[in-house]
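Please look over the sequence and the structure shown below before reading on. The paragraphs that follow go from single side-chain pairs to the chain as a whole.

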Amino acid sequence: MKNRSYFLVLLLALISTWGFGQTEGHATVKEDFKPAVTNQPGKEYPQVNSEGRVRAR
C-alpha cells in the first residue's frame, strides 16, 4: 500500500508539470529587436526587444 501511495504522488507530480513547459505558437513575440547597447561598435548581434528577449547569431 505504501508503494502504491508513492507511485500515485509521483504520477500526480509528473502530470501537473506538463502544462508549464514552453510550447510553440502560444506566445507572440514582439519583433522590435534592436542591437543591444552593449554590443561592440558595428556589431548587429545580440539583439534585444522591448520585452527583454534576446536574439543571437
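A salt bridge is taken here to be a side-chain nitrogen of Lys or Arg within 4 Å of a carboxyl oxygen of Asp or Glu. The structure is a predicted model, in which local features need pLDDT of at least 70 and side-chain atom pairs count only at pLDDT 80 or more, while totals for chains, interfaces and linings use all residues. Residues are numbered from 1 along each chain as its sequence is written, and side-chain values use heavy atoms, with hydrogens and water left out.

Side chains of opposite charge can pair when their charged atoms come close. How many salt bridges does the rule give? The count comes to 2. In one of them, the side chains of Arg55 and Glu31 meet at 2.7 Å, taken from N to O. Arg55 lies in strand β3 (residues 54-55) and Glu31 in the loop between α1 and β1, so the pair ties together parts that are 24 residues apart in sequence; helices (H or I, at least four residues) and strands (E, at least two) are DSSP runs, numbered from the N terminus. Are these two partners buried or exposed? Buried means under 20% relative accessible area, exposed over 50%, and partly exposed in between, with a 1.4 Å probe and protein chains only. Arg55 is partly exposed because its relative accessible area is 27%, whereas Glu31 counts as exposed because its relative accessibility is 60%.

The other salt bridge joins the side chains of Glu51 and Arg53, at 3.2 Å from N to O. Glu51, at 40% relative accessibility, counts as partly exposed, and Arg53 is also partly exposed, with a relative accessible area of 38%. The C-alpha atoms of Glu31 and Glu51, which are 20 residues apart along the chain, are separated by 9.8 Å.

The charged end of Arg55 sits over the ring of Phe33, 3.9 Å from the ring centre.

Gln47 is placed in strand β2 (residues 47-48) and, at 7% relative accessibility, counts as buried.

Patches are made of residues with over 30% relative accessible area and no salt bridge, like charges being joined within 9 Å and nonpolar side chains (Val, Leu, Ile, Met, Phe, Trp, Tyr) within 5 Å. Phe7, Leu8, Leu11 and Ile15 form such a nonpolar patch, with about 370 Å² of accessible area together; accessible areas come from the Shrake-Rupley method with a 1.4 Å probe, and for residues only the protein chains shown count as cover. Leu11, one of these residues, is placed in helix α1 (residues 2-17) and counts as partly exposed at 35% relative accessibility.

For the protein as a whole, the secondary structure comes to 1 helix and 3 strands, and the elements run α-β-β-β from the N terminus on. Buried residues make up 9% of the 57 residues, and the protein exposes about 5,600 Å², of which carbon and sulfur atoms supply 59%. Among contacts with a separation of 6 or more, residues 24 or more positions apart account for 5%.

Key: A charge sits over a ring if NZ of Lys or CZ of Arg is within 6 Å of the ring centre and within 35 degrees of the ring normal. Contact means heavy atoms within 4.5 Å.
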